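Here's a quick briefing to read alongside the coordinates. Have the viewer open and follow the topics in order.

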Amino acid sequence: SKREIRMRKLDSTKVRPLKSEQLLRIEDHDFALRPGFGGSPIPVGIDVQVESIDSISEVDMDFTMTLYLRHYWKDERLSFRSNKNKSMTFDGRLIKKIWVPDVFFVRSKRSFIHDTTVENVMLRVYPDGNVLFSLRITVSAMCFMDFSRFPLDTQNCSLELESYAYNEDDLMLYWKHGNKSLSTDEHISLSQFFIEEFSASSGLAFYSSTGWYNRLFINFALRRHIFFFVLQSYFPAMLMVMLSWVSFWIDRRAVPARVSLGITTVLTMSTIMTGVSASMPQVSYIKAVDVYLWISFLFVFLSVIEYAAVNYLTTIEERKQLKKRGKASGMYSIDAVQAMAFDGCFHDTDVDMDLTGFSDRCEENDARAGAASVSNVDTPRIKRKRSLKGNVGRIILQNNHVIDTYSRIIFPSVYIVFNFFYWGLYI
């Protein structure tokens, strides 16, 4: 009756289907079931366009990628008759009312669909029932990295796609256009890596409780930029090793100069090694950069040990010479090293070091500021100091220990050989 029709129009609890839903006859079908339920598995084609690789994290061993994920399948329940439209395009509001593949990212940590200004979802339906379903997604997934060759390494990562609920008996995932199904933006670049290749592959995954599933792989290889690490780690380490060799040309009796140089280079190498380790995951194996830095640290450390040996052997040698000359007896039995510590002057076996001369020099140093007449007594020693200053190079060469002489050749030669084998092995 007219009254019943009027009451139906006024009933706000019932929502009339949209015109597009009427055209697709959504209300006439149960979309909780997959297309062709009970028959052969439904093929779902996939293609991917990678928009950007946002970050690569060595510490977390993951990568973040933004991509366009497109699904292709046929659902005859969505077919419609149309003489004007070749297809119908919808946004995300229709997705909840029809069946769509439940593809997820294996070993993903975080992922989301972009929603600015609206949710980035597109559904396109063709008259024959073919469907295109497109999403814009950012996903962070694990990448099992091997740092044994870091920073001269190449990392192979992959993003894996798989159906969560439907195994191979219900759904067959495949690349829509084969190897051409994966495309990338030409302007993709990373701060620390070269992107060597992108490739698509497929396989099967088995779960003991649910069976076999089709799995698709987005593979990409990343080769690390070496120049940054050369400037930050390798080059400073080389400089510290070469700086430690300077002590081989310093007089063996200049204890403060050689010791301070050795300690400074050791501490600097420790700082470099700590800085590199702080930016890396705490792995249980040795990395290539660890090999180089520890060998460089060993060279610096051996330079300090070399001077300890030189100083010790020099002391023994001078004591033997003093005993031979009979100058190690008396109430002022001091050796050349002790004399240098007392009066601040350089002493060698060629320099007269009798006790009377040492006593006279100490008295002259005390009375120099008070009496001008003492300066005439000090004239021979001043001449001797001037002659020493004029022949510094000759004196240093004569007073270097034989260990210093060999070290000047052995240390650089061995370090050059080590660098040759290191870079030849890892590059």
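This is a predicted model: local features need pLDDT of at least 70, side-chain atom pairs count only at pLDDT 80 or more; totals for chains, interfaces and linings use all residues.

Residues are numbered from 1 along each chain as its sequence is written, and side-chain values use heavy atoms, with hydrogens and water left out.

**Annotated spans and helices**

- The unreviewed UniProt entry puts "transmembrane region" on residues 226-247, 259-279, 291-310 and 409-426; positions follow the numbering used here, feature names are shortened, and such annotations may be inferred rather than shown by experiment.
- Residues 226-247 come out as 82% helix and 0% strand, with end C-alpha atoms 31 Å apart. Residues 291-310 are 100% helix and 0% strand, and there the end C-alpha atoms are 28 Å apart.
- Helices (H or I, at least four residues) and strands (E, at least two) are DSSP runs, numbered from the N terminus.
- Helix α4 (residues 255-278) has 24 residues and should span 34 Å at 1.5 Å a residue; its end C-alpha atoms are 35 Å apart, which agrees. The expected span is 1.5 Å times one less than the number of residues.
- Buried residues of α4 include R258, L261, T265 and M269, where buried means under 20% relative accessible area, exposed over 50%, and partly exposed in between (1.4 Å probe, protein chains only).
- The cover over the buried residues of α4 includes α3 (227-244), α5 (288-324) and α10 (402-426), with contact meaning heavy atoms within 4.5 Å.
- In α10 there's a kink of about 30 degrees at R408, shortly before the proline P412; the bend is the angle between axes fitted to the seven residues ending at a residue and the seven starting there. Both R408 and P412 are among the buried residues of α10.

**The disulfide**

- The structure holds one disulfide, using a cut-off of cysteine sulfur atoms within 2.5 Å.
- C143 and C157 form the pair, with sulfur atoms 1.9 Å apart. C143 sits in the loop between β7 (130-142) and β8 (154-163), and C157 is in strand β8, 14 residues apart.
- The S-S torsion is about -80 degrees, so the disulfide of C143 and C157 is left-handed. C143 and C157 are buried.

**Two buried polar residues**

- D75, in the loop between β2 (62-74) and β3 (88-90), counts as buried at 1% relative accessibility. Its side chain makes a polar contact with the side chain of R77 at 2.9 Å (N or O atoms within 3.5 Å; within protein, one must be able to donate a hydrogen and the other to accept it, and residues adjacent in sequence count only if both atoms are side-chain atoms).
- T66 lies in strand β2 and is buried at 5% relative accessibility. The side chain of T66 makes a polar contact with the side chain of D54 at 3.0 Å.

- Most residues other than glycine have a negative phi, and most peptide bonds are trans.
- T116 and T117 are joined by a cis peptide bond, omega about -5 degrees. F150 and P151 are joined by a cis peptide bond too, with omega about 0 degrees.
- M61 has a positive phi of about 55 degrees and is partly exposed at 23% relative accessibility.
- R107 has a positive phi near 55 degrees and is partly exposed, with a relative accessible area of 36%.
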